[in-house]
Amino acid sequence: MLLSRPYVIGSVFVTILFIVGFCFQNPELIFQAKQELKCNRSQIFIDKSIELAHFERKQLINSVGFRKSGLNVITPWLAPIIWDGTYDIDILDNQHKDTRIGLFVFAVKKYIRFLLPFLESAEQFFMVGHKVTYYVFTDKVNDVVKPKLATDRILQLHEVTADQRWQDVSMRRMEALTLFTKEQMQKEIDYLICADVDMVFNDHMGVEILGDLVATLHPGFFLSERESFTYERRPISAAYIPDSQGDFYYMAALYGGKVEEIYKLSLACQKGITEDKKKSIEAVWQEESHLNRYLVYNKPTKVLSPEYLWDTNLPHGEFIKKRRFLAVHKNHNEVRNKK
């Protein structure tokens, strides 16, 4: 039986009214596809930006024939290597809104001159908007000029005795780290970042660097083959690394992690330093040699690219789009003089 045309038109009209009314009562259904498309487009844009930045680095490395692993965004053991554009800082900031972060620094003897610029630059660029405690160890507590600190930022001064040799000062940091991460810091902070004082923060350095155990690629070796790494190669030393071992060369000027992990690291390094002293030897690069030894057999869960530690005197700056933590140019012999 054929339906009359008016009946069909009326049925269609009623159906349209029903659909329109249903959609007005459930607006999320109307815009869901549009929202998903918008989100998909945003994610695609982010993914493509990351892909492009990675492609640019790969193209550079292919053109000059250097080692490629230092420019990757992931390690062979699947830890991320942090480059600009490989994270969403808004999401991470929200995840870490209640995280307590420490920044550990030694400033003894003539190195006290670098402390104020270090702290002032940290106030401008380091973990902005987050809870930060500065742990400053110095033999010149009365000479410390305190910068103006933002809300939820605390400065702690701890007095230490300065060794005569800068090599001993360097290794002394592991001793202080072992003591304070075992006792005090575990009650006060969740993550600890350890840094050299003769540096300045030059760009954003935020919670994207936080992880269980975090190390930074040495800017002088991130394109080098393993054979060029200045590991301790003498078997007699506790910092010894065989020729067949090692993934990257890490710099002791910036590393960090959860407080309990930094305790394990510093304890192992301190034991190694003590063992070497008993043998009347010293690792080729003091604490950095022991740090690298530890990280060969205890892989970092996150690796920071040379964007997070750079020296403008170094070659291959074309790979470094962001220069977040910069070495201060100085006369090394002058600042290391015991007087």
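Me: How many salt bridges does a search of the whole structure find?
Reply: This is a predicted model, and side-chain atom pairs count only at pLDDT 80 or more. With the whole structure searched, the number of salt bridges found is twelve.

Me: Which residue forms a salt bridge with D212?
Reply: D212 sits in the loop between strand 6 (199-201) and strand 7 (213-217), and its partner is in strand 8 (residues 250-258), 46 residues apart. The closest N and O atoms of the pair are 3.4 Å apart, which is within the 4 Å limit for a salt bridge. The partner is K258.

Me: Is E232 buried or exposed?
Reply: E232 meets R234 in a salt bridge, 2.9 Å from N to O. R234 is partly exposed, at a relative accessible area of 36%. Buried means under 20%, and E232 has 2% relative accessibility, so E232 is buried.

Me: What is the N to O distance in the salt bridge of D243 and R233?
Reply: D243 and R233 both lie in the loop between strand 7 and strand 8, so their pair ties together parts that are ten residues apart in sequence. D243 counts as exposed at 61% relative accessibility, while R233 is partly exposed at 26%. Their side chains meet at an N to O distance of 3.7 Å.

Key: Residues are numbered from 1 along each chain as its sequence is written. This is a predicted model: local features need pLDDT of at least 70, side-chain atom pairs count only at pLDDT 80 or more; totals for chains, interfaces and linings use all residues. Side-chain values use heavy atoms; hydrogens and water are left out. Helices (H or I, at least four residues) and strands (E, at least two) are DSSP runs, numbered from the N terminus. Buried means under 20% relative accessible area, exposed over 50%, partly exposed in between (1.4 Å probe, protein chains only).
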